[in-house]
Structure formats: C-alpha cells, structure tokens
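Reader: I'd like to learn to read a structure like this one step by step. Could we start with confidence and then move on to the fold?

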Amino acid sequence: MNFPIKQFEGSLPQKTVMKGEVYWRTGSVKEIYKDERGHYIASVLGQDLYQVKLTMEGQIVKHHSCSCPHKRKYVCHHIVAALYEIENGFVEERKKPVKSYNSSRKTWHQLKGLLTSLFPFSF
Ligand SMILES: [Zn+2]
C-alpha cells in the first residue's frame, strides 16, 4: 500500500492511526534511523520489541514492514508510530506538539502569597 507521509492519517484505518499515535506519544519508538540506502528502520516497543522498516520515495511511503504478528500487507500501529516519528522529526522540521506549562505556572499573586508564607518578614 502506497500513501503519502503527510496525509498518512487519512490513508489508514482510524483505529490503527489512533493506537499508533498513543504508542508514539508514550515513547514506544525506541530508536529510528535512516540507513545509507534511505530506508527508515525503527524499533517499536509493543508486547515485544518490533522492527519496522519503511521505504520512501520522496514523500510517498512505498514499502513498509513490521516484525510483529500483525504483519502482511496490513499497516499496524507500530508502523504508524514510526510514521509519526518520521513526520515530526526526520522528514522535515516541523514544530513538535506544544506542551502546556500553564498548569505549573504560578501567577504573581499566587507567588507572592507563597513567598509571604515562607518569608513572612520580607513582605
Ligand atoms: Zn507491527
């Protein structure tokens, strides 16, 4: 199955994409590199450590395989996790998902309150 790396989410079954995204977000892609022939090789942790191989021509994913029991022509979630990794790091520089720091950021009012409770004589 050939599909463009940029729209792989829309080219694959939604369930597989969602599961693969969770794998990717939880850091299941342990290693990924591009070998000298341009193949992407990834180690993805599932029930076991599986090896995903991807071959791309330009922006099109031409071949894919995974060593997990789901293999065959079917694209498994390990492959999807590797695709996310490539899409977000290797193929082009794209902004990583912005993490929210708001929850841990204290407002000045809260900070002043905290300082006052710690150093009652300074304020
Ligand atoms: Zn797999």
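Author: Gladly. This is a predicted model, and pLDDT is the predictor's confidence in each residue, from 0 to 100. Here the protein averages a pLDDT of 80, and 78% of the residues score at least 70.

Reader: Where is confidence lowest, and where is it highest?

Author: Among the elements, helix α4 (residues 108-118) is lowest, with a mean of 73, while α2 is highest, at 94. Look also at residues 91-104: the pLDDT there is below 50, and beyond near neighbours in sequence the stretch has 4 contacts in the model.

Reader: Thanks. Which pattern do the helices and strands follow along the sequence?

Author: The protein has 4 helices and 5 strands, and reading along the sequence gives β-α-α-β-β-β-β-α-α.

Reader: How should I read the sheet, and in what order do its strands lie?

Author: The general idea first: strands of a sheet pair through backbone hydrogen bonds, either parallel or antiparallel. In this model the 5 strands form an open sheet in the order β1-β5-β4-β3-β2, with antiparallel pairing. β1 (3-4) and β2 are the edge strands, each pairing on one side only.

Reader: Let's look at β3, then. How many bridges join β3 to β4?

Author: There are 7, and the two strands run antiparallel. Within that pairing, Tyr40 stands opposite Leu54, and Ile41 has Lys53 as its bridge partner. The hairpin joining β3 to β4 passes through 3 residues.

Reader: Which face of β3 is covered, and which is uncovered?

Author: Tyr40, Ala42 and Val44 make up the covered face, whereas His39, Ile41, Ser43 and Leu45 lie on the uncovered one.

Reader: Which residues does Val44 touch?

Author: Leaving out residues up to four places away in sequence, Val44 touches Tyr23, Ser28, Val29, Lys30, Tyr50, Val52, His78, Ala81 and Ala82.

Reader: I also noticed Cys76. Where does Cys76 lie, and why does Cys76 count as buried or exposed?

Author: Cys76 lies in the loop between β5 and α3. The cut-off for buried is 20 or more other C-beta atoms within 10 Å; Cys76 counts as buried because it has 24 C-beta neighbours inside 10 Å. Apart from neighbours within four places in sequence, Cys76 is in contact with Thr16, Cys66, Cys68 and His70. Its C-alpha atom is separated by 9.7 Å from that of His64, which is 12 residues apart from Cys76 along the chain.

Reader: Finally, what share of the whole protein is buried?

Author: Buried residues make up 22% of the 123 residues. As for contacts between residues at least 6 apart in sequence, 50% join residues at least 24 apart.

Methods: Residues are numbered from 1 along each chain as its sequence is written. This is a predicted model: local features need pLDDT of at least 70, side-chain atom pairs count only at pLDDT 80 or more; totals for chains, interfaces and linings use all residues. Two residues are in contact if their C-beta atoms, placed from the backbone, lie within 7 Å. A residue is buried if 20 or more other C-beta atoms lie within 10 Å of its own, exposed if 12 or fewer, and partly exposed in between; C-beta atoms are placed from the backbone. Two strands pair if DSSP finds at least two bridges between them.
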